[in-house]
Amino acid sequence: TLIIRNGFYEGGVSIRRGCKPEAPLVIKGESRHAIITGSGSREDAISLNDCQNVILDGVNVTRARRAGILLGHCRFVTVRNCVSYNNGKWGIFTDHSSNFLLENNECFGSQVEHGIYHSNSGDDFVMRGNWLHHNSGCGIHINGDPEYGGDGVISRGIIERNLCQANGLTLGGAGINMTHVQDVIVRNNILLDNLAGGITFYQDTGTFEQGSKRALITGNTVVFPAGQGRSCVKILPTSEKALVCNNIFVSGGRRGCIEV
């Protein structure tokens, strides 16, 4: 376990470590006053590359040129209780990473894009209990990116108990945005006062087989301010086998609650 004491530390930190499940590397902030600021000569403030069984816990990250926290080609990594805010592009960004858990994090103030962006062909993930708010684009954006290698699909994920609030300030997007995503459960999330979409399920490139398929969207509450926002849930052409049930949808009045 590495304890980061309270204070300000220059960003651009790169971590590359493979550990065994019974002996993970834990990097833990002493409190919310352990702050990594900027990204130095790198794009991202904290980069976890080719890591296995690493836990990042309770660290604040801000003012990175690109992402506050990057997971690049990682497996079995946990990021929890972190605050990533006012970064250039993303709060937390993943690249070809799988079997990860993002839990109880707060991401806000992303200047160009999203609070959390899970990209490229990374499977078996959980995003739970995160607060994504006041980001330029989506609260959570998930994209299999067929043009960037792998099978072009993100498979087997759980997105639950997240609060996505007041996102889409300039870029648009959705509170929870999913393209090239298959076999996913989206449950018990609250999407409040977002300025663009609610929950979207779609495909933008690739083959039909790489499209979005098999989603359970249940137990969510989506509420738009009056006169704002798009539909609460939107399923676009070429997507299929989506079950939408037991949700509460309150439209802002510009579009319907459910759009297929």
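Student: What makes the largest pocket a pocket, and how much space lies in it?

Tutor: About 170 Å³ of space lies in the largest pocket. On a 1 Å grid over the protein atoms alone, a pocket is an open set of points where a 1.4 Å probe fits, with protein on both sides within 12 Å along at least five of seven lines. The volume is the space filled by probe spheres set on the points, which are joined across faces, edges and corners. This is a predicted model: local features need pLDDT of at least 70, side-chain atom pairs count only at pLDDT 80 or more, and totals for chains, interfaces and linings use all residues. Residues are numbered from 1 along each chain, and side-chain values use heavy atoms, without hydrogens and water.

Student: Which strand gives the most to the lining of the largest pocket?

Tutor: β24, with 4 residues. Strands are DSSP runs (E, at least two residues), numbered from the N terminus. β21 (174–179) and β24 (197–202) each supply at least two lining residues. The lining, residues with an atom within 4 Å of a point, includes Asn177, Tyr202 and Arg255.

Student: Why is Cys51 called buried?

Tutor: Buried means under 20% relative accessible area (1.4 Å probe, protein chains only). Cys51 has 0% relative accessibility, so Cys51 counts as buried. Cys74, at 1%, also counts as buried.

Key. Buried < 20%, exposed > 50% of the residue type's maximum accessible area, 1.4 Å probe, protein only.
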